[in-house]
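This briefing goes through the aromatic rings of one structure and the charges placed over them. Please look at the sequence and the model below first.

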Amino acid sequence: QVQLVESGGGLVQAGGSLRLSCAASGRTFSSYTMGWFRQAPGQEREFVATISWSHSRTNYADSVKGRVTISRDNAKNTVFLQMNGLKPEDTAVYYCAADLRLMPETYEYWGQGTQVTVTS
């Protein structure tokens with residue numbers, strides 16, 4: 001089992017940047033595919049980005065492609081989401097997720113989320 005804690009959210013103006021972090025505890029973090037999702041008020045949770053355990057594969061939602069980079073540091077049990085060129089429509093609670101399967105469509109473990117608010 002793995003526990004996930006997100007941080008780095010906050011209030012930022014449109015065009016700004018934020019770097020989200022997700023610290024994982026538990027065994028064998030490096031074995032997990034890690035993902036970021038977000039949920040805006042009144043909307044369903046949506047996929048943002050994912051990275052395989054070996055860093056070799058990443059995938060991004062079309063809505064963030066070119067503005068967002070997912071990365072991980074297996075030595076520090078941490079996954080990051082660098083977000084640039086933020087837009088008001090990026091406002092949401094951002095969740096970190098983990099799963100032992102390679103690039104799964106659903107994830108077993110979830111963090112509590114961190115709020116990102118982008119003002120125009």
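Predicted model: local features only at pLDDT ≥ 70, side-chain atom pairs only at ≥ 80, totals over all residues.

Residues are numbered from 1 along each chain as its sequence is written, and side-chain values use heavy atoms, without hydrogens or water.

**Ring pairs**

- The whole structure holds five aromatic pairs (centres of Phe, Tyr or six-membered Trp rings within 6.5 Å; planes under 30 degrees apart are stacked, over 60 edge-to-face, the rest tilted).
- One of them joins Tyr32 and Tyr109, which are edge-to-face because their planes meet at 70°, with centres 6.1 Å apart.
- Tyr32 is in the loop between β3 (18-26) and β4 (33-39) and Tyr109 is in strand β10 (residues 109-110), so this pair ties together parts 77 residues apart in sequence (strands are DSSP runs of E, at least two residues, numbered from the N terminus).
- Tyr107 and Trp110 also form an edge-to-face pair, with ring centres 6.3 Å apart and planes at 70°.
- Phe37, Phe47, Tyr107 and Trp110 are linked by ring pairs into a cluster.

**Burial**

- Tyr32 is buried, at 3% relative accessible area (buried is under 20%, exposed over 50%, partly exposed in between, with a 1.4 Å probe and protein chains only).
- Tyr109 is buried at 15%, and Tyr107 is buried at 8%.
- Trp110 is partly exposed, at 27% relative accessibility.

**Charges over rings**

- The charged end of Arg45 sits over the ring of Trp110, 3.7 Å from its centre (NZ of Lys or CZ of Arg within 6 Å of the ring centre and within 35 degrees of the ring normal).
- The charged end of Arg45 also sits over the ring of Tyr95, at 5.6 Å from the ring centre.

Key: Helix = DSSP H or I, 4+ residues; strand = E, 2+ residues; numbered from the N terminus.
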